[in-house]
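This report describes one protein structure in plain terms.

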Amino acid sequence: MFQLKRTHLKLSEILTPDEALTQLSLFQGESGAESMAVEVLPISPDLDRLIRQRGRDLRLRQVERQHAVKLVNTLVTNLQKFLKDNKEQPFFRDMSVLTTGSYYELVKINKPNEFDIMLKLKTPRLAWTELKDYNGLFYTVSLTRRTRSEIRSFLLEDELTISSSKIMKEMHFLVRKFVTTHQGHWVVCKRRLNSPAVTLAFVSENEREEILSVDIVPALEVPQGWPQAARAGPVVDKWLGKNARRKFLSQPVYFVPKRPKQRNLSDVEKESWRISFSHIEKEMMKYHGNKKTCCEGRTNECCRKLCLRLLKCLFEGLKETHQGKLSSLCSYHGKTVFFHHLSVRCEDSLWTPGQLSDCFMKLLGDFENAAQLGSLPHFFVPDFNLFSPAVFSKRSRLFLVEVLRNQRESGLPLLQVQRSPPALFYTPALPPQIEEISAEAVTPLNHDTMTFQTSSFTYSYMTLACVIVFMAIGCVFRALVQ
């Protein structure tokens, strides 16, 4: 079980006695010995104001959300119809959509400009084999018996092993064909070697600015149980309850066509699949409270998700400021330490909105501790360390520790910087396939705004005219009296 420790001197001020004993006894570094933990400094009034203000700024605007979601929903609907009707590759006809990622988990920050869509592909009964040296995160996936079904086009020479590269190649081909036949502002982005997604970008009319992107990820659904490395399930008994853990374990898992990032991969590794728990993570984010009433109304709000948004904001600032040096750092590191943190500090009373600054600094301290010790176990596959030298170089990790310490000691200056992504705007020349948000649909909002502005100017001019008239009447009356 992953536990994080803070300073010995400050534990009584930060954690409950039970939490302190648990973390002091269980948290050890890679060498097996305790390492010096991060000291959580007192929060100044200025830092408290900064954290609260930045938290408010990270919220998505309702108008932008509505426009972006309409675009994405229309895209997904048209893509589904295209795949179901395509005659070239019948294997992709029988698929369904699963929305995942930060937007649908309600932890997206700044702009609704990134969406993740998983295409669940139905397969015959599958078997999997864990790849050595990857501690349960990567697998080869194969059929339990030979078949004559449509999936045979994506099998290797043994006619059993499913090729991740063939699936990705065909997915790219079909999506490109879809974009070609459905003219509009969507373009297919250049394929990234280790990415399991086909990325579509919605660009401005002159195609110089990307407005938003959608990652389309094909996935194999495995309903017959979880692999051994994850079979114990996530450690959520004290946080979400034992029933929640049993419910998670009863759900299928997914394999996505992503291979390890290491160089000189073998032929087997190049055709491997990574296990995905995106659907479970989404559910954990949705029902994140220790009690079912958490965040059901204003009186039951908590600051859990806002803390994660702030941590993601800090990550973005670090990656922009130190480009190239922190390329291995990603939002999943933040989400992982967030889940571990919630499994320890599970009571809703510890996450009230009034405690936002304190909660965020504790979460940040836990992440800094994990980076310092080089130990951040995957929440679902605990034998896989997200800070292992194979996936996060020691030089990058030590540099991360240094910049985190500097940020913490200098009052988090990166949270003060306003990094504004491109505004979400939509040109009127949209194709017929996305009529739901055509220019006519957007016009009423602009018309209302213009009407309001026109009314305001008219009212001002009328008021000024009345003042002038009354002044003139007063002058005439005074002259007559004299």
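## Salt bridges

D348 and R304 form a salt bridge, with their closest N and O atoms 2.8 Å apart; a salt bridge here is a side-chain nitrogen of Lys or Arg within 4 Å of a carboxyl oxygen of Asp or Glu. This pair links distant parts of the chain, since D348 is in the loop between α10 and α11 (356-373) and R304 is in helix α9 (residues 304-321), 44 residues apart. Both D348 and R304 are buried, where buried means under 20% relative accessible area, exposed over 50%, and partly exposed in between (1.4 Å probe, protein chains only). Helices (H or I, at least four residues) and strands (E, at least two) are DSSP runs, numbered from the N terminus.

The model is predicted: local features need pLDDT of at least 70 and side-chain atom pairs count only at pLDDT 80 or more, while totals for chains, interfaces and linings use all residues. Residues are numbered from 1 along each chain as its sequence is written, and side-chain values use heavy atoms, with hydrogens and water left out.

The structure holds 16 salt bridges. Three of them are set out below.

| Pair | Closest N to O distance |
|---|---|
| D348 and R304 | 2.8 Å |
| K335 and E105 | 2.9 Å |

## A covered strand

Strand β6 (residues 198-203) is mostly covered, with 6 of its 6 residues buried. V198, L200 and F202 point one way from β6, and T199, A201 and V203 point the other way.

Two strands count as paired if DSSP finds at least two bridges between them. β6 pairs with strand β5 (residues 186-188) in the antiparallel sense over 3 bridges, and W186 stands opposite F202. Strand β7 (residues 210-222) also runs antiparallel to β6, and 6 bridges join them. In β7, S213 is the bridge partner of A201.

## The second largest pocket

A pocket is found on a 1 Å grid over the protein atoms alone, as an open set of points where a 1.4 Å probe fits, with protein on both sides within 12 Å along at least five of seven lines; lining residues have an atom within 4 Å of a point. The second largest pocket is lined by 31 residues, and R59, L106, K305, L306 and R309 lie nearest its centre. Helices α3 (45-57), α4 (62-85), α8 and α9 each supply at least two residues of this lining.

## Cysteines

How many disulfides does a search of the whole structure find? The search finds 0 disulfides, a disulfide being a pair of cysteine sulfur atoms within 2.5 Å. For C295, the nearest cysteine sulfur is that of C302, 3.6 Å away. C295 is partly exposed, with a relative accessible area of 35%. For C303, the nearest cysteine sulfur is that of C359, 3.9 Å away. C303 is buried, at 2% relative accessibility.
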